[in-house]
Amino acid sequence: MEDLWAADELPLRIDELAAGLRDPDRDLDDLAEIEEELVTARRRELIPYVERHLAAAVEAGDWYARHVLARILAETAGHTSLAALLRAYSRDLGDDQDSLSTRLQVLVQAHPAAAREILLPCAVSDDEDLRRAAIWLLGFVPEPADLNLLAHAARDADEGIRSAVVGTLGSHGTEPAAINLLLHLLDDPSPQVRISALSALGFLRQPRALWKIHSLANDDEPGVRAWVAIALGRVLAVEPADPATSAVLDQLAADTDPYVRDQAAAARQRKSLHG
């Protein structure tokens, strides 16, 4: 093993792995063995080589190579790998990225101050993908000062960025400015953003949001109307006797869409349990 990890052989070993990952006839067992050797070694001399190959894998659209190389980089470089991992994560290569997203969350929560120094510039980057990823990740290390940045991002032309804002606002809990922004996002032109905002407000169970949630009972999108019922069902846990909410649920119970009707029935059942 000592011979294997001679300093001049380190780049060759990572090059061998990267070449194997590009080979359509690759032997996954052999590649997994090399991957484990590199992870176990944790040799920091490898970091620039892994970063270069990781960037190339992302550029080539190879999600599996990204998965393998991101793991090696994270295990080798720890929180100092955050910038490279964030750039790699920000590109949609068609996979679910569960392992990489989990690694990012763990890294930022373990080193919040260092993470925020990287995330804040990325959250205002000209690169939409990077901006979206950084805003999402800020939700795991929130600070009140972020609300100004989020207010600006809530007006972004990119729907994905506005959706990321909703999730991060949820991390600010019942902070009045965060609730106000979520209420504003209920008017978003994107149905998915409206649904996300309804979900966040329902989770936060803020009675002062009821009037705005009620207004979406006439939304053109059935999915939005269904989430009105879901959100109201959650808020009813703290405000069970609101007559306006009862009227909205009656309306949704007679909706033309069966899923909306089902969610209204479920919300009514919660209401009966709480009221």
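**A loop residue and a helix pair**

Analyst: Asp-188 lies in the loop between helix 11 and helix 12, where helices are DSSP runs of H or I with at least four residues, numbered from the N terminus. The model is predicted, so local features need pLDDT of at least 70 and side-chain atom pairs pLDDT 80 or more, while totals for chains, interfaces and linings use all residues. Residues are numbered from 1 along each chain as its sequence is written, and side-chain values use heavy atoms, leaving out hydrogens and water.

User: Why is Asp-188 called buried?

Analyst: Buried means under 20% relative accessible area, with a 1.4 Å probe and protein chains only; Asp-188 has 7%, and is therefore buried.

User: What makes the link between the side chains of Asp-188 and Arg-162 a polar contact?

Analyst: A polar contact is a pair of N or O atoms within 3.5 Å, one able to donate a hydrogen and the other to accept it, and these two side chains make one at 2.6 Å. Arg-162 is also among the buried residues of helix 10.

User: How do you know how helix 10 is oriented relative to helix 12?

Analyst: The two helices pack at an angle of about 0 degrees, with their axes 9 Å apart. Angles under 35 degrees count as roughly parallel, so helix 10 is roughly parallel to helix 12. The contact (heavy atoms within 4.5 Å) includes Arg-162 and Val-166 of helix 10 and Val-193 and Ala-197 of helix 12.

Methods: Buried means under 20% relative accessible area, exposed over 50%, partly exposed in between (1.4 Å probe, protein chains only). Axes are lines fitted to C-alpha atoms, for helices over the stretch in contact, and angles run from 0 to 180 degrees between N-to-C directions. Angles under 35 degrees count as roughly parallel, over 145 as roughly antiparallel, 65 to 115 as roughly perpendicular and the rest as oblique.
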